[in-house]
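Good morning, and thank you for coming.

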Amino acid sequence: VDYMAARIKLSQKSITIVNVYAGHSRIEDVTWGRLLDHFGPHNTIISGDLNAQNVLWGSDRNNQRGAHVANAVLSRQHKWTISNTGEATRITRPGENKSVPDVTFTTLDLASLTSWRCFEDPLGSDHRVVVLDVRTPAPDPSPRGTERWHTKTANWDVFQDRVNQAMNEWNGGEIQVDNIENAYSHLCEAISFGAQASMKKTNPSSHSKSSPWWNDDIRIAVSNKNRCLREYDDVGSLSNLDRYLEADAKVKEMVAKAKRESFHTYCQNMSTRSHCRPSAWYMLRYFAGDPSASSSTIVDVHKYETECKDLLVSITRRVPSVDGSHALDDVPPIARREFDHALKNKTDTAPGLDLINFSILKHLPESAKSFLLKIFNVCIVHCHFLNDWKNVKIIYIKKIEKNPNPDAIGLRPLVLLGCTLKLLNTILKARLEVHIEMQLVVNKFQHGFRQGHSTLNNLTEIHLVIENARLLGHATLCIFLDLKGAYNRVNPVKLYNILLQKGIPLYLSKWFFTFLSDKVYSDGVNTVRGSQGIDQGSTIGPSLFNVYVSDVGSGLKNSNVSVFADDYMIYLTGDNIAHCRQLIAEDFLILARELAEIDLVINFDKTKLMIFPSDPQMEIENLRSFDIITSNGTICTTNEYKYLGIHLNPKLDGLEHTSRMAEKCKNDVNALRYMKGSNWGNHPDTQSDLLSAAILPKFEYCLPVYSWLNKGILGKYQVIQNMAIRSITGAVKTSPISAMHAITGIPYVQSRVTKLALRLFTNLFCTSQIIRELMNSMLSLTDHYCPPRLSATVELFKKIKTNVLSNNIQILSELETRFRIDPSFGFRGCESIPSISKKSDIPPTVAKALTMEFLNNKYPNVHVILACDGSKTTNRASAAFICQQHLTQTGFRLPDISSSYFAENYALLKTLEHLIVHHSNSPSALVLTDSRSVISEINNLQPGSLVPIHMQLIVTNIQVFTGTGATLYIQWVPSHSGVLANELADSCAREAGSRAIVDPNVAIPPSELRPTWYQVAQDINLSTHQTRLRTGGSWTASFQNIPTPTPWYRHKELPNKIITQTNRLLLGHANDRLFQYRMRSVNSPHCRYCGDESEVETVEHLLVSCRALRIGINQALGGLPVSQVLASAGHPDSKIPEVLAFLGNCNVQI
């Protein structure tokens, strides 16, 4: 039976239509039942020529096939029905029986909506055309998306001129609390006035299509192509046809290039959180402008009006006020630096009701930005929440439920706040986080939404705890808690009191309370007023929630707790599971009581207990007997739980998660293959972008932790990577794996994972006291015997610990991991000298003269002048500084792995320390350095950010020196230009590098180990490659014996066919006799040209040793060796096109 199926997507459902043809050959009677079961039982139509006659659908007689088909339908009459009306579908001769071989079946849900008929005109066939009319309900009105300004096509010069013009009309005087509402309204009107004159307004619907690659050049080219087509239609001459074909080819070339560039940008801008990467199919739909890719989860309020109203009312409540509105004392004003840093890092999101987005705010003229900054400062001083900010739009997102209830819809509310409010909250969030971290407000076991504390902290902790317990012969019990609507249940009054108790400044506490306590929520149909706790979608929400729950878990008596946002896990280890269950149950009741005190409710349906036995192979009998029963609900014991994106089971072997992730990745590889059918997605660069953006991050997330570097797990992911590389290169299944990796340069999975593991565990070892103790414990417990499953990880831990200790790597204390840049830090160094744009453009003597002139003019009365420099040779690193006042030079030999960048940083650090110790009373000081990057890093420090330890010390020293009222200048000077102070510092640094002993007091940051780990990974990659070469790939190895650092096709604008042919030639694949023999197309694999039955016809044989083709191949190679020609792939003068043409003439297609 031959059939072809198509699915038609309608407004409310999808219908599958199957066209069937059954020839006259014998068909088993069970085939028809299988066909109906395969496509049924909903929304399906099966129709076609079955050559089956039966009176049931109008024939005058029955045949055997008709009886089989009728039996299949009648036995499934509660699912299928026959749509035929009895009309003949085949034209017969006079006197012959009525023939109805064409049969149509529909599922019962479509039976009343489908009508069946035949065309009178057979259209030249002896079968009449069957027409099916399917009546579908009228589609709902297309719900409109969020209205917004189309900033991508904005004329920003016109925008700024109009906004400036409107701002000049402000006559309200100085902004005060009594006129702030008018001031903000005036600003919004000015922005609206500028936007109306400079950009269009869009109002997308669910059918709106947006192609990110579309640009003005393509629009002009398409317009020209259409004009050429109209001229050809009108005239019809060959010249018109040539012009049209030329314009059409140009459009295709431009579109393909624009799509590749745009897709590359899209992949580069993906979220850095690897476990948040969408599927490759989603990315392709989004890139193609399919609105369902981004808006399919947004609920239409009109369709679910009752459900939306019930949810909105249930999560909104009235909150009493805490204090009257009055001016607060000692409120540090928002500095312009804070404003600019916060705005710089914002990307466009859905705007609020005022339609102002961050692109508009970034392009505001200076007058409008200053005006907005004044409004912000008045708001925080008087704790005044603008009326426009109180009116917010709310949308609903469909929850993805594991076992959804078909009679209910899961909704998650999402608040769309105005971008000006988001900007202000971002500024205040940086201030809040400084207090949270540096005043130890949150506990060290809280990891969510804190810099340096990711999901990997939680997952690494629980994996190490379980395995260390097993090494001791103990079991581990874990309770994974789920909270019901945690953010929306936050009580603003209790949060306000907690903020004050934790020492958060009054102005911040009052502002956040005001922000959370009273707003008007509207979803377009329903409107309510009150508080929804912490609004989901607010910038400040996660940080406030961390403070709200900061004391939860601190009262546990027996267990430990690990938290990521609202995901709680408590765990306990011991040798007696029953006793551990009793202890952890007691601690759970304590935790539940602490949560109830702040109005948070546990969801017992999703809260689970998991037992990890002392022996991974142990099966726990009567698992449900360990359930924990409380007065509020039962915690069920489970054998599987998904925690922070990782599927856990009692064995903790990672196989369950690997199996699930492998299926997702294979589906994404199919998207790669799908892209091969397009002229833009067939390029290896584009395919590689999708591999890097959608596939590799999925299986690399937490892979070093849950796999324990198990070769079996890594091998499964290597298979997936091999499938992807075949699609990228155009290789076939028989192409050697080593050859594919050699020409693409993509590292083997084992190499990639080793590098990830070294970086991850090094960082955790140096920054997390909890994990450092667990890693040391595992090394101690495996000192005499290490289970095979942990051997690779233990060896990795040993390597990390050895390198950390031998290279003086800084191990951070808790206070150092909590250091944050205070928003009041406003120091800026000078990165340039106006008269020197680029040092290489001018001679050193001229650079020296210009530098000295600049220094004398800008710093005429500086009391202290110092200079510093760092030095890095092949195997040595050092730093030094000189003090002109003391006529001293001081150098330091650094650990050999130190980078030149760290050497420059360390030199500046020691200079500042000398300044504080020996020149603390000086009113001003000038520090000269030839490192622009160090000054740039200081200038770009973001308020509230976490920085490396050496930069922490630099910032602290700057604050200490300038805190007494002294003035500090850090000035860049060109290196090696004869500036005496800089030359002396450079000479001293080089001398320090020649010392035999490294300064024992120098500690370097963990990031300095990255080059070492990179080299380790490279060695593993090369070793793996050499091992793979034993099983094939010698042809490619003859000219590329190690994986290339840069593929030959990178950024090459070549036809896709040429790229694929070249790749296959480099891989040694062609449609030669050997391949034909393997495909059973010929009887012999031997060379058809040289007549020697001992020679197998391969690409290598034809190009290297075939006697009959020697003259022709030498001409194609231009007299060059084959390996040299193949190694020249991608070069303009490469002979590979001639080689491909020669093989084509020999009937060897590639």
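I begin with R1080, which is exposed, at a relative accessible area of 78%; exposed here means over 50% relative accessible area, buried means under 20%, and partly exposed lies in between, with a 1.4 Å probe and protein chains only. This is a predicted model, in which local features need pLDDT of at least 70 and side-chain atom pairs count only at pLDDT 80 or more, while totals for chains, interfaces and linings use all residues. Residues are numbered from 1 along each chain as its sequence is written, and side-chain values use heavy atoms, with hydrogens and water left out.

R1080 sits in the loop between α38 (1073–1078) and α39 (1099–1105). Helices (H or I, at least four residues) and strands (E, at least two) are DSSP runs, numbered from the N terminus. Although R1080 is not a glycine, its phi is positive, at about 65°. Most residues other than glycine have a negative phi. N622 is another non-glycine residue with a positive phi, near 50°. Its location is the loop between β17 (608–612) and β18 (628–629), and N622 counts as exposed, at 57% relative accessibility.

Let me turn to helix α37. How far apart are the end C-alpha atoms of α37? They are 16 Å apart, in agreement with the 16 Å that its 12 residues, 1056–1067, should span at 1.5 Å a residue. The expected span is 1.5 Å times one less than the number of residues. Of those 12 residues, 9 are buried, so α37 is largely enclosed by the rest of the structure. Among the buried residues are N1056, I1059, T1060, L1065, L1066 and L1067. Just after α37 comes G1068, with a positive phi of about 85°.

Next, the salt bridges. A search of the whole structure finds 34 of them, a salt bridge being a side-chain nitrogen of Lys or Arg within 4 Å of a carboxyl oxygen of Asp or Glu. One of them joins the side chains of E467 and R789, at 2.8 Å from N to O. This pair links distant parts of the chain: E467 belongs to helix α16 (residues 455–471), R789 to the loop between α27 (769–781) and α28 (791–806), and the two are 322 residues apart. E467 is buried, with a relative accessible area of 0%, whereas R789 is partly exposed, at 32%.

A further salt bridge joins E640 and R660, at 2.6 Å from N to O. E640 is in the loop between β19 (634–637) and β20 (641–643) and R660 is in helix α21 (residues 655–675), so the pair ties together parts 20 residues apart in sequence. E640 is partly exposed, with a relative accessible area of 28%, and R660 also counts as partly exposed, at 33%.

The side chains of E1097 and R1088 form a salt bridge as well, at 2.7 Å. Here E1097 is buried, at 0%, while R1088 is partly exposed, at 28%. Finally, E437, R450, E814, R818 and R820 are linked in a network of salt bridges.

I now move to the sheet that contains β1. In which order do its 5 strands lie? The order is β1-β2-β3-β5-β4, in an open sheet with mixed pairing; two strands pair if DSSP finds at least two bridges between them. β1 (2–9) and β4 (80–82) stand at the edges with a single partner strand each, so one side of each has no neighbour in the sheet. From one strand to the next, the twist averages 20°, with axes fitted as lines to C-alpha atoms and angles running from 0 to 180 degrees between N-to-C directions. β1 and β2 (residues 14–21) run antiparallel and are joined by 8 bridges. Within this pairing, M4 stands opposite N19 in β2.

To close, the whole protein. Its secondary structure comes to 42 helices and 26 strands, and 50% of its 1150 residues count as buried. The C-alpha atoms fill a box of roughly 120 × 85 × 80 Å along the principal axes. The division is into domain 1 (2–134), domain 2 (216–269), domain 3 (458–490 + 533–642), domain 4 (815–1004) and domain 5 (1070–1146), with bounds from an automatic or database domain assignment. The centres of domain 3 and domain 5, taken over C-alpha atoms, are separated by 65 Å.
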